[in-house]
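I opened this model today to look up a few things. My notes follow in the order I took them.

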Amino acid sequence: MPDRHALLSASSSKQWLNCPPSARLQEQFPNESSVYAAEGTFAHEVCEYKVRKYLKERVKRPQSKEYYTEEIDQITDVYAEFVISIIEEMKRNGCEPLVMVEERVEYTHIAPSGFGTADMLIVGNDKNGSGVLHIADFKTGQGVFVDADHNSQMMLYALGGLAAYGYIYDIKIVRMSIIQPRLDNISTFECTREELENWGESIRETAKLAYEGEGEQKAGDWCRFCRAKPVCKACKDEALSLCREEFLDLDEGAFNEGAFSDESVPSDGIRASPADNSENCKVPVFKQPGLVSLTELAQILPTLNRISSWIESVFAFVSSEAINHGVTIPGYKVVEGRSKRVFTDTKAVVDTAVANGYTDLYKQQLISLTEFEKMMGKKKFKELLGAYVKKPQGKLTLVHEDDPREAIDLTATPETPDREFAAIPDEGE
Ligand code: SF4
């Protein structure tokens, strides 16, 4: 869940730790909630409901005509099952764990006024009897893989958890898990209490700078969700200089001055003309080849993501200023887009069609797999219909090698000219 109103929120910590002034710079821009954020909030409510129900608390199932889908039910099940498995394991280790759902945690001893809301905070024992603090965080995103390893958001939640419960319980180990079901991602990072506290000390000075709006404004992949991004000078300078670095050299193109050679072609270069066997012929070598190799394209992919993300944010900001706030943008105008025809009164439509002799106005559909499962219960569903269920292969996606998902062995799959693939997602968190 977003850490509402915290200047140094845990969820934006990657920004203010890398670019301390960003916390104050963003204050002047409204935190406009997107459709994705609203869907995420609803999904978190469903997660909370499922865990509280397991804990036998009196809870009402959250309702939303707009955001409830079978898929929301499935991904929140993944989260609830994971969290419940942690609690059950601690019980098997012989303790009655302390379980806090949607727990506000404060880490003001590290970052001024710092607080956040941990989706789940559990204190119990591991199998050796050592005290464990386990923090779990649910993510609905499907564009960017979020790793728990040294994740500053999780570490700040954990510091808050230690501040609240570390003096009551003898916590020695801290575990932090991110559950991101839409990417089949459940990752856990573990460290000792001492390591976590040392990390907290190491960021104290940066947090102070961020609170005071000081420090160096520095662009990077953490800019992705920064509200100041469309008008941020550092971000604009970085995007334009990346463009210059990556592309303008190509335009300067032509030849390396004086670089006429009959030496072998560089591994990533291309000769300007077909090899000529005549003895005195020197073949010019391009400073940058006329065609870009796949290796070169691969090198600029992370840069392209950053530039396109900045461009998108600028367009979104300028469009919002014009459309939502009536600001005139020189050389541009607001127009109406295409729309689809819709019925204004479905009952009148049906009545009129029937009165005029038309039939077969409705379609009948089989209920969905999830609805079957709900109707029968998981066990019966598996017993009766399990043999007819299969999980098709997802769309192939090119991701950075750091992504922890296992690479597909394409040599083992028959190649087809129309193999489906998804666009490469953004870099960063
Ligand atoms: S967009 Fe600008 S202010 Fe925001 S994190 Fe990036 S560099 Fe810092």
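Predicted model: local features only at pLDDT ≥ 70, side-chain atom pairs only at ≥ 80, totals over all residues.

**Confidence first**

I then looked up the elements by mean pLDDT. Strand S6 (residues 255-261) has the lowest, at 40. Helix H6 (residues 193-212) has the highest, at 97. For the protein I noted an average pLDDT of 84. I also noted that 83% of the residues score at least 70.

**Overall make-up**

I counted the secondary structure next: 11 helices and nine strands. The protein has 429 residues, and 24% of them count as buried. I also checked how far contacts reach along the chain. Taking contacts between residues at least 6 apart in sequence, 69% join residues at least 24 apart.

I followed the strand pairing from S1. Strand S1 (residues 98-106) pairs with S2 in the antiparallel sense, over eight bridges. Val99 stands opposite Ile122 in S2. S2 and S3 are also antiparallel, with six bridges. Here I found Gly124 with Val132 in S3 as its bridge partner. The hairpin of S2 and S3 has five residues between the strands, and Gly129 takes a positive phi near 90 degrees there. Strand S3 (residues 131-138) then pairs with S4 in the parallel sense over eight bridges. Gly131 has Ile171 in S4 as its bridge partner.

Is strand S2 enclosed or in the open? I found 11 of the 11 residues of S2 (residues 115-125) buried, so the strand is largely enclosed by the rest of the structure. Strand S4 (residues 171-180) has seven of its 10 residues buried, so S4 is also largely enclosed.

**The nonpolar core**

In soluble globular proteins, nonpolar side chains tend to be buried together. I looked up the largest nonpolar core here and found 61 residues. Met120, Leu133, Ile135, Met154, Tyr157, Ala158 and Leu159 have the most contacts inside it. Helix H5 (residues 152-165) gives the most to this core, with seven residues. Leaving out residues up to four places away in sequence, Ala158 touches Leu133, Ile135, Val174, Met176 and Leu196.

**Around the ligand**

Which residues come nearest to the ligand? I found 15 residues around it, with Cys19, Ser22, Cys223, Cys226 and Cys232 nearest. By class, the shell has 10 nonpolar, three polar and two charged residues. Helix H2 (22-25) and helix H7 (233-252) each supply at least two residues of this shell.

I stayed with helix H7 to check Glu238, which lies in it.

**Helix H9**

The number of buried residues among its 10 is zero, so H9 lies largely in the open. Gly357 follows H9, with a positive phi near 85 degrees.

Conventions: Residues numbered from 1 in each chain as written. Near = placed C-beta within 6 Å. Helix = DSSP H or I, 4+ residues; strand = E, 2+ residues; numbered from the N terminus. Nonpolar A, V, L, I, M, F, W, Y, C, P; charged D, E, K, R; others polar. pLDDT = per-residue confidence, 0-100. Core = buried A, V, L, I, M, F, W, Y, C linked by C-beta atoms within 7 Å. Buried ≥ 20, exposed ≤ 12 C-beta atoms within 10 Å, placed from the backbone. Contact = placed C-beta atoms within 7 Å. Pairing = 2+ DSSP bridges.
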